[in-house]
Amino acid sequence: MTTEITPTSRTEPSEASRAATGRPGPGVPATIEVEGVSKWYGDKVAVSDLTFALGPGVTALLGPNGAGKSTTLKMLTGQLRPSRGAVRVLGQPVMDNPPLYRRIGLVPEQEGLYPFLTGREFVELAAQLHRLPRPRQAAEEALHTVEMLDAADRRLGGYSKGMRQRVKIAQALVHEPDVLMLDEPLTGADPRQRLALMETFTRLGAAGKTVLISSHILYEVERMGSNVLVIVNGKLAAEGDFHAIRALMDDRPRRVRVTCSDPRAVAARLVALPGTLSVSVESDALVAETAAPLEFHHAVSRAAQGAEARLYGIEGLDEDLESVFRYLVSR
Amino acid sequence: MVQTTDLSKRFERVQALDGATLSVPPGCTGLLGPNGAGKSTLIKLLLGLLTPDRGEARVEGFDSTRQALAMRAIVGYMPEHESLPSDWMAQDFVRYMAELHGLPSRVAIQRASDTLFHVGLGEERYRAIGGFSTGMKQRVKLAQALVHDPRVMFLDEPTNGLDPAGRDEMLVLIDRIAHEMGINVILSSHLLADVERVADHVVILSTGRVVAQGALRALMTATPAVTVRTQDGALPLAEALRRRGYTVQIEGQELHVEYESDDVYDAIRDAAVETDAALVHLKRRVLTLEDIYLAGQDDSPPNGARDGAGRAVAAAGASGAGGQEP
Amino acid sequence: MSEQVAGARIIDRGYQHYDGARLGLTHATRVMTWAAIKRALGIRRPFRHKILPWLLLLVSFGPAAFLLAFRVFVPAALGNNLPSYDSIYNRLTAVYLLFAGLAAPDLLCADRRERVLSLYFAAPITRLRYVASQYAGLVCLLLLMTLVPMLVLFAGNALLANSAWDYLRQHTDDLWHIMLSGALTAVYFSALAVAVASFTDRRAYATGTYVGLLLVSGVVSAILVRIVHFSGSEWLALINLVFLPVRVIRGLFDVPAEPALNPWACAGVMLGLIAVSLALLVWRYARIRD
């Protein structure tokens, strides 16, 4: 007896959460402001002339290994002083500003946990350091959010990497910060834990927190929000909604795959369009390159109808974040 | 080919594997499961690094416990952790691993050099591993697993720490290894999209048991829905389809059209021409590996009771218990 | 596969399978032993890893080399009281000790700390063969230091004597004693060193513990022998782990040691310590679960 496996529905963001796009705007002040920030170590330039602003919502910090993402994150939390430029978080300078740190939560990539503490003790310690009125309860809630309540009373030394990661997230959440910065937060998490954590971050973003996530797993980052900050070779390569960035990439034609019953006949008609740059034919589909995507998408059904071909599928091949990223890195 | 029969292993208070029975055909197989489900225990039992309490594990016909040495000669292993000596040169280390696997030294030197080249390490192979980036280290780990021409390779989180370009290259390599070089690959990963990309089969574990196994394409069955996205004008298109007698649900610019037969494709095409809709996306909705995986995590029967097509028979229901780790 | 058409060809450089011989455990063990020897000498490693081992190696050849050189070139400068084999062993004990204490952690600790063992144990070797080969490599190097200089000295003495053949016949005993002394010393210090190194992942701690343990044993033994007096209390001198080999060596060469203890008993204790050390080593590695 087979029961239905229902596909996981990807919930559309609600109206309210649509406001929290990660970008500042009219009525939405910037929560993180970076101006002309550079960092060098002797001769080596880690980061050069960064200028951007982020608002409430989820933003992804992307870039190849060694591009300067970790350096940037450290400067955003005041752990590292920029060689030049200024960083303001929630309207205040972030350097040497302890009261501000209570409103910022950081999940760094490196380890550095005390192996002899239990998970609960560790998070409670963080709560106490933030001088929360009810540290025990706050720790309990944070641990609940990351699904670590069951294992909370075991020592950190005995945790797996995924468990340590979630405890780190808990300690960053315990004081309910307005700004949350996470460096590869999903490391070591299994698929279900990843989904749960992604949901948590999305929820926090929708609730108006500023969540900056640095990650290499682009298809996951894509699901949490569309605002991105891309750093390549120490410089800012792009910022904003990645769909909009894609639209700006007009020196790159769109590639579309059309699966149909008579690819050659349909291709013949699509090639006639002035915007079509090339079409390649496969056994069950055609892949077209077009400089005029809208016209193309309007024309596909007509072409199929005219060729009396059955249309099984239409798919844009380079619309996703992965394609946009690849393009930005290679420029 | 890899097989286990009623494989069980207990560590103190935790039953890491509980009667796991699985059969992995040639090709590339994804090994999935929550943390603590027994994936690493399974791999260690298959490599003969642990002895089972009960049951049997076989790799390419060799019994993992009783014929461990013969089996390991034809098996390659890429562990999750660093596992590389920092002061060896890459070439020296890969050659050493080849020799440990029984290759004579002249052959080992040549194959080490060739394998490092195949995984994309050129001149760097004469430098100490300690100075390598994460991507380069992962490649060295892959090379040492491949150098002795194994029949089976176990890869544990091979894309760990790699940036998007590195991940892509690693997956391309794994794909080539499994599908061009004819080496069976067992890939353990938490990144379902990676597994979906390269695997032919999957085995899904949960709390020490196999809850699903089968050919990926067979498991990723089609649902009775077709997804259509338009640039705008979703409503008119939906109306046109409804007039043709199809049930349509709208979510923003996305339509979900009920599928009963392939005729629906023609209906969509004609309705699009009729309303001059710009069809941006059209696809029969198919179960993703994520759907299958999540379904398998709720109260699944042991050893993945399967129906004829290899589909997991899972009780649909409330979300399962959180990942319990030993 | 390559394609060939009228004198031109494209050669397939792709991945090649290997259908040749796959050698067994003996070959792998030999490879591991040889790798241990190369590693301890710093071969194929940055220069700084070569300095100490080669220096110690040279120093171990020092006494023999100097003695022979003096006898050949400046015999008049030497007095009559030439150092005997056993006294040279005594002087060089520190060198042997230090070499073992530096090499054993180098061979064992890094592989554990960097988790390379998970790769090794997934190869067709056994844990026993792995530790045995690291131990064997170390012993080989120490034999190079404990045996070869003495044999060279012996050979030199023979050649410098009036009749080499007569010398050989008269001193055959010495030859056997040298072989035994060298072997025992090498095996002993190596065993202690690998045992200590199997207990910690950090090279510095292992070396420190090993050297410290030996020195402390010497101090403690000296004090106790001085202070404590009861029937049989001179056996407390056996606590001195450093001097133990020399006791046995002196016994072999029939030279009295201070305090005088039955050399057979000392040999027994030494063999016992070797056995215990190796047992500890094997036990530690059997328990590793990566």
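**View 1. Packing of helices H8 and H10 in chain C of the predicted model****.** Helix H8 (residues 172-197) and helix H10 (residues 244-252) of chain C have axes that come within 10 Å and cross at roughly 170°. Angles over 145 degrees count as roughly antiparallel, and H8(C) and H10(C) are therefore roughly antiparallel to each other. H8(C) contributes His177(C), Leu180(C), Ser181(C), Leu184(C), Thr185(C) and Tyr188(C) to the contact, while H10(C) contributes Pro245(C), Val248(C), Ile249(C) and Leu252(C). By class, the residues of this contact comprise seven nonpolar, three polar and no charged.

**View 2. The side of chain C that touches chain B****.** In the predicted model, 27 residues of chain C are in contact with 30 residues of chain B. On the side of chain C, the elements giving two or more residues are helix H1 (25-40), helix H3 (85-113) and helix H4 (117-121). The largest share, five residues, comes from H1(C). This side of chain C has 16 nonpolar, five polar and six charged residues.

**View 3. The fold of chain C****.** The C-alpha trace of chain C spans about 90 × 50 × 35 Å along its principal axes. The radius of gyration of chain C is 24 Å, whereas a compact globule of 290 residues would have a value near 19 Å. Of the 290 residues in chain C, 34% are buried. Among contacts in chain C with a separation of 6 or more, 75% involve residues 24 or more positions apart.

**View 4. The six-stranded open sheet of chain A****.** The strands are arranged in the order E6-E7-E8-E3-E9-E10 (chain A), with mixed pairing. Strand E6 (104-107) and strand E10 (235-241) of chain A are the edge strands, each pairing on one side only. From one strand to the next, the twist averages 15°. Strand E7 (residues 179-183) and strand E8 (residues 210-214) of chain A run parallel and are joined by five bridges. Asp183(A) stands opposite Ser214(A) in E8(A).

Key:
Residues numbered from 1 in each chain as written. Chains lettered and ligands numbered in written order. Predicted model: local features only at pLDDT ≥ 70, side-chain atom pairs only at ≥ 80, totals over all residues. Axes fitted to C-alpha atoms, helices over the stretch in contact; angles between N-to-C directions. Helix = DSSP H or I, 4+ residues; strand = E, 2+ residues; numbered from the N terminus. Parallel < 35°, antiparallel > 145°, perpendicular 65-115°, else oblique. Contact = placed C-beta atoms within 7 Å. Nonpolar A, V, L, I, M, F, W, Y, C, P; charged D, E, K, R; others polar. Rg over C-alpha atoms; globule rule 2.2 N^0.38 Å. Buried ≥ 20, exposed ≤ 12 C-beta atoms within 10 Å, placed from the backbone. Pairing = 2+ DSSP bridges.
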